[in-house]
Amino acid sequence: MDNQNTAIYENYVFGVDIGGTTVKIGLLDMDGHKIEVWEIPTRTEDEGKNILPDIAEAIRKKMEERGIKDSQVVGVGAGAPGPFADDGTIFKAVNLGWSEFNMKNELHDLVKIPVKCGNDANVAALGEYWMGGGQGYKDMLMVTLGTGVGGGIIHKGKIFNGANGAGGEIGHIHINDDETLTCGCGNKGCLEQYASATGANLLMKRVLEASDEECVLRGKDYTCRDIFDAAKKGDKLANEAITQYGEYLGKGLAMIASTINPEIIVFGGGVSKAGDILFDLVRPSFEKYVFPGAKRTKFALAKLGNDAGIFGAAKLVLDSVSEK
């Protein structure tokens, strides 16, 4: 990381990842090397009206600190948690307090530098494609396994957004006709209800309720990590729960792979920290349900962690420059 106060590169790009608690901002060179990364609070009060002005102020301040001229910045890329239209309109971002508006135009008016915007999960997928687990491939599916299940589709090196910005919402593929609980999206039986961290907890709860056998987790407050750790140590019921987890996730990914035929599926998010055991859990169900022509799909773990969003946001800008 360069700590000099004077600009030493010819051109720069900023990548911005807007989260519900913090905004992560990265300054990169044109080859994707991180120069500096920092965070500012996400002020979601008053319907999030301060978020974009705060970002613009942080960027302008950093440029002043480093002696970077406007002419040296090729653009600002930003990812936010909501569906986007191609013109930069975000339709809604509940976690930020935002209703529909053109984020690209508003941020551009504030920062006075070219802006590109996109859905945060799609942007993170682009980052992993560019500098992470998807390097070297053109067609990639990113699946993010955290509190929910997110996704991003990269086709021929470009984000697939869909008609209304909802491309890649893989967490809401219907996977179970018999589910009685309602998903956050309003439907029942979504992949997210089983393949997220909270989904793993639900499966563990149901396994415990259906059996009187001993389990190290019985009667305790447990997390998704606890379930995987118990299974690795040989706990029978924990192993049953994560086996179900893998069956649901494998079936969901098989449906997607049969549709888009990616070269590789990259696993990110907190649950992916379980490591290669995920592949062992997912692969049998995936191969059972996937179209034969897509059985060669590779699996890999994400490499960029929390930096995927800033890399992908920067790549949005660099791609737009190269297309001109």
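Which residues lie nearest the centre of the second largest pocket? Select Lys116, Cys117, Ile159, Asn161 and Leu316 and you have them, out of a lining of 18 residues. Keep in mind as you click around that this is a predicted model.

The elements giving two or more residues to its lining are β7 (115–119), β10 (158–159) and α10. Colour the lining by class and you get six nonpolar, five polar and seven charged residues. The volume here is about 390 Å³.

Next, go to the largest pocket, at about 1,400 Å³. Centre the view on Pro81, Asp120, Ala121, Thr144 and Gly150, which lie nearest its centre among 45 lining residues. Several elements each supply at least two lining residues, including β1 (12–18), β2 (22–29) and α10 (308–322). Now highlight α4 (120–131): with five residues, α4 gives the largest share of this lining. By class, the lining has eleven nonpolar, 24 polar and ten charged residues.

Now switch to cartoon and pick out the open sheet, five strands in the order β10-β9-β8-β11-β12 with mixed pairing. Its edges are β10 and β12 (298–301), each pairing on one side only. Zoom in on β9 and β10: they run antiparallel, joined by two bridges. Select His155 and look across to Lys158 in β10, its bridge partner.

Last, bring back the helices. α4 packs on the sheet, touching β8, β9, β10 and β11 (264–268), and its direction makes about 55° with that of β9. Then select 277–289, helix α9, which also packs on the sheet. This helix touches β8, β11 and β12, and its direction makes about 155° with that of β12.

Terms used:
Residues are numbered from 1 along each chain as its sequence is written. This is a predicted model: local features need pLDDT of at least 70, side-chain atom pairs count only at pLDDT 80 or more; totals for chains, interfaces and linings use all residues. Side-chain values use heavy atoms; hydrogens and water are left out. On a 1 Å grid over the protein atoms alone, a cavity is a set of points where a 1.4 Å probe fits but cannot get out, and a pocket is an open set with protein on both sides within 12 Å along at least five of seven lines; lining residues have an atom within 4 Å of a point. Grid points are joined across faces, edges and corners, and a volume is the space filled by probe spheres set on the points. Helices (H or I, at least four residues) and strands (E, at least two) are DSSP runs, numbered from the N terminus. Ala, Val, Leu, Ile, Met, Phe, Trp, Tyr, Cys and Pro count as nonpolar, Asp, Glu, Lys and Arg as charged, and the others, Gly among them, as polar. Two strands pair if DSSP finds at least two bridges between them. Contact means heavy atoms within 4.5 Å. Axes are lines fitted to C-alpha atoms, for helices over the stretch in contact, and angles run from 0 to 180 degrees between N-to-C directions.
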